[in-house]
Amino acid sequence: MSTGHQTPAYTRWKKQVLAQCEPICIRCGYDVDMTLSGRDPMGPSADHEPPMSLTGDIAPGLDGSGISHMQCNRQHGARLGAAITAAKKNPTNKKPARPNPFPNPRRSTPADLFGSPP
Ligand SMILES: [Zn+2]
């Protein structure tokens, strides 16, 4: 599946986020050095919050965007991606196993169903 990272909409969104959002990592809360290259692990990256993998919106408004360290963005994305992939592969795994509150259901008797005979 294409992530659409090369689309003009994405490029425009990224530029806008990096220019207008506060240079504070939305993942770890530390300052982001905007002079670093985007290739640097501690460099700035445009991030989605809520995550793009959930919203499917590659270029949300600035309300749904922020700046994060390259490495924080990547770690977050990888974790989330793995969780989503796992959930898709095995959707029943998502629900925690719950103990059966009625391990030994009582058999219905005619009296249960129709009331006690007179
Ligand atoms: Zn960070």
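Colleague: Which residues does Ala 46 touch, not counting residues up to four places away in sequence?
Modeller: Ala 46 touches Trp 13, Lys 14, Val 17, Leu 18, Ser 65 and Ile 67, where two residues are in contact if their C-beta atoms, placed from the backbone, lie within 7 Å. Keep in mind that this is a predicted model, in which local features need pLDDT of at least 70 and side-chain atom pairs count only at pLDDT 80 or more, whereas totals for chains, interfaces and linings use all residues. Residues are numbered from 1 along each chain as its sequence is written.

Colleague: Is Ala 46 buried or exposed?
Modeller: Ala 46 is buried, because 21 other C-beta atoms lie within 10 Å; the class buried takes 20 or more other C-beta atoms within 10 Å of a residue's own, exposed takes 12 or fewer, and partly exposed is in between, with the C-beta atoms placed from the backbone.

Colleague: And where does Ala 46 lie?
Modeller: Ala 46 lies in strand β1, which spans residues 44–48 and has five of its five residues buried. Helices (H or I, at least four residues) and strands (E, at least two) are DSSP runs, numbered from the N terminus. Pro 44, Ala 46 and His 48 point one way from β1, while Ser 45 and Asp 47 point the other way.

Colleague: What does β1 pair with, and how do the two run?
Modeller: Five bridges join β1 to β2, and the two strands run antiparallel; pairing requires that DSSP finds at least two bridges between strands. The bridge partner of Ala 46 in β2 is Ile 67, and Asp 47 stands opposite Gly 66. The C-alpha atoms of Ala 46 and Ser 68 are separated by 6.4 Å, although these residues are 22 apart along the chain. Strand β2 also has five of its five residues buried, so it is largely enclosed by the rest of the structure.

Colleague: Which residues make up the largest nonpolar core?
Modeller: That core has eight residues in all, namely Trp 13, Val 17, Cys 25, Val 32, Ala 46, Ala 59, Ile 67 and Cys 72. By a nonpolar core I mean a set of buried Ala, Val, Leu, Ile, Met, Phe, Trp, Tyr and Cys residues joined through C-beta atoms within 7 Å. Val 17, one of the core residues, touches Ala 46, Leu 62, Ser 65 and Ile 67 once residues up to four places away in sequence are set aside.

Colleague: Switching to α3, which of its residues are buried?
Modeller: In α3, Met 70, Cys 72, Asn 73 and His 76 are buried. Seen down the helix axis, the buried residues fall within an arc of 155°, so they line one face of α3; the arc is that of the directions from the helix axis to the C-beta atoms. On the other side, Ala 78, Arg 79, Ala 82, Thr 85, Ala 86 and Lys 89 are exposed, and what covers the buried residues of α3 includes β1 and β2.

Colleague: Where is the cis peptide bond?
Modeller: The cis peptide bond joins Glu 49 and Pro 50, with omega about 5°, and Pro 50 has its place in the loop between β1 and α2 (52–55).
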